[in-house]
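Have the viewer open and follow along.

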Amino acid sequence: MNAIPVSFAADMDFWKERGVFDVLPVPMAVMSRQHDIVYANREFKQVFGAWEGRKCWQVYHNTDTPCENPACLHTFDEGRAESSKESGRSASGQSVSYTKYSIPLGMADGTVEYIIQVCIDRSAASIMRREYQSLFDLVPCNIVILNRQLCITDSNKMAEDIYGDLTGKQCYFALKGENDVCADCTASKVFSTKRIQHDHQIWMTPDGEMKHYQVTAVPIIDSGDEVSLVMEMAVDITELTALRELRELRTLMLSNIVSKAVRGLVVIDTKGEVPIVNPEARRILGLGSGGIFSPEDVYSKLPEYVVDVMRNAKGDFNLNEVTLFPERGEDAVLVHMGGQQLRQGNKMLGILLTFQDLREIRRLERGKLEAERMAAVGQTVSGLAHGVKNLVTALEGGMYMLSSGMNAGKAERIAQGMDMLKRNIERIGTFVKTFLSFARGREIKVKINNPAEVAREVVDLYRVRAAEQHVGLEIEADALAPAPIDYESMHESLTNLVGNAIDACMMSSEKDDKLVKMRVFEQGGIITYEVADNGCGMDYAVKQKVFTNFFTTKGQGGTGLGLLMTKKIVQEHGGYMEMESEFGQGTTFRICLPRERLPKVVESAEE
């Protein structure tokens with residue numbers, strides 16, 4: 001190593017004794033013209049390792065190969081300070097980037113024999129800048145920096161991806177498509193108040209799409225405690241705004257639906273409050289048009305057993321017919337009442353009560369049944385002329401035979417005419433009695449009966465006849481709850497169906513396995529009697545006439561009123577009939593009795 005001049009060495013010793021070089025927070029070294037490190041401070045040794053007796057390239061770059069055209073030559077040759085950006089290896093072998101400042105040390109003869117080199121680490125600053133830039137660009141919102149002229153001086157990547165290059169543009173023009181400053185400018189408020197401001201703004205994308213943003217404007221304070229710049233951070237809430245508007249619309253729609261619902265709706269929450277009572281519920285329960293109601297106000301309008309059902313229900317419930325205000329007599333309110341639990345996940349929110357006023361429905365049902373009955377009677381009366389005409393024609397034939405026999409004195413012809421008159425008079429009697437029975441009917445007497453028991457009795461009644469005709473007769477009856485029906489009338493209806501089914505099997509002579517089967521079951525609240533046979537069946541023409549007046553397939557042995565009588569009885573029970581038939585295969589008749597339409601049990605005064 002070259003010797004350091006005495007004067008320079010004395011100066012170095014002076015500064016070293018006072019620890020001047022070691023307190024410097026950056027690496028510092030003294031290098032000779034021969035590129036020998038003649039002195040280095042503590043920070044230098046920590047970064048680059050041992051330096052004694054080593055060349056600069058061995059220390060800085062950890063290599064034995066000298067640098068090509070090193071920057072320090074200019075300092076030695078020209079005697080002026082130089083700076084250069086270099087990369088090297090630390091004592092631990094890691095790559096380091098630094099800026100090297102070379103400062104000449106003048107000698108007495110003006111020749112630069114030594115230079116001081118100070119290294120400023122650029123690695124940490126570079127990493128920090130990159131990290132801040134990454135944070136600036138990758139933060140999930142739009143960021144713009146504004147100066148006092150509301151000109152955008154910088155923007156992050158997200159903002160540039162949506163709005164393009166914003167640098168140098170006025171914010172109101174680049175972001176909102178406006179030509180003038182906004183009337184209530186958020187950035188201007190920050191410049192004047194030095195405080196963070198929040199705002200809801202609508203920005204316009206270059207393709208004309210409107211976006212909603214929640215904007216937070218933050219002041220950037222300079223060294224003079226003045227706001228030099230404003231940073232605006234805009235979070236896209238377009239979808240959130242749309243959802244909020246949709247929720248408001250849904251709330252409005254639900255409010256309209258609830259208020260205009262044809263059923264009464266009452267909500268009782270778990271806090272013991274009644275937040276919803278729609279107008280129809282107010283009308284049905286008689287709660288009035290205004291005011292706030294409590295659960296007790298609702299319970300007071302309901303029968304005690306209904307309140308017990310509500311309080312003890314572990315789930316949803318339905319009560320088909322509930323009579324409200326029975327003390328009003330005929331003006332009592334008959335409703336269908338339901339209860340549904342309102343839940344959010346496993347959390348119980350309350351209960352929804354629904355009320356359907358059945359009075360108008362029952363009135364319409366009674367009107368429909370009466371109209372059907374009158375229509376059947378009207379059809380019968382309209383067909384009566386045809387039946388009477390046939391009977392009159394038969395009587396006229398008998399009278400002609402009798403008159404011509406008497407005129408001719410022929411006893412045989414007289415006897416033939418008398419026989420014709422006798423047979424047709426008997427037919428008239430049978431016809432009139434049957435017709436009067438159908439037209440007038442009898443008042444059904446409804447009592448609580450077992451629906452299956454009626455069917456079993458009818459089947460037992462026909463077993464002997466079926467066996468004599470070699471027709472199988474079976475019954476399949478489910479266990480049904482009792483129901484209000486007229487036992488005798490239903491017995492008559494089932495007798496007609498079973499009798500017709502046996503007759504249909506007798507008309508199908510080519511079959512050996514003739515069978516009539518009756519089923520009794522309930523499904524969906526509808527009690528059903530089903531009588532099926534595998535007899536002759538009906539073609540299209542017969543099926544169209546089967547329920548018309550005086551139509552029969554039994555010739556002189558039938559009046560054509562059996563099925564009409566059955567249909568009338570079923571209608572009086574609030575039910576309806578169904579028929580399926582295929583020619584040559586068989587026929588199925590069903591009597592369907594919805595429980596909710598069955599007549600009420602009314603005890604007579606005598607009983």
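When α15 passes α16, is the crossing left-handed or right-handed? It's right-handed. Bear in mind that this is a predicted model. The axes of α15 (residues 451-468) and α16 (residues 487-506) come within 9 Å, crossing at roughly 35 degrees.

Who meets whom here? On the α15 side you'll find, among others, Val454, Val458, Leu461 and Tyr462, and they face a set in α16 that includes Met490, Leu494, Val498 and Ile502.

Five strands make up an open, antiparallel sheet, in the order β7-β6-β10-β9-β8. At the edges sit β7 (152-155) and β8 (197-204), each pairing on one side only. From one strand to the next, the twist averages 30 degrees.

Zoom in on β6 (residues 142-146) and β10 (residues 227-236): they run antiparallel, and five bridges join them. Asparagine 142 stands opposite alanine 234 in β10.

| Helix | Strands involved | Angle |
|---|---|---|
| α8 (residues 186-193) | touches β6, β8, β9 and β10 | about 140 degrees with β10 |
| α9 (residues 238-260) | lies across β8, β9 and β10 | about 130 degrees to β9 |

Technical notes
Residues are numbered from 1 along each chain as its sequence is written. This is a predicted model: local features need pLDDT of at least 70, side-chain atom pairs count only at pLDDT 80 or more; totals for chains, interfaces and linings use all residues. Side-chain values use heavy atoms; hydrogens and water are left out. Two strands pair if DSSP finds at least two bridges between them. Helices (H or I, at least four residues) and strands (E, at least two) are DSSP runs, numbered from the N terminus. Axes are lines fitted to C-alpha atoms, for helices over the stretch in contact, and angles run from 0 to 180 degrees between N-to-C directions. Contact means heavy atoms within 4.5 Å. A crossing is left-handed if the near helix is turned anticlockwise from the far one by less than a right angle, and right-handed if clockwise.
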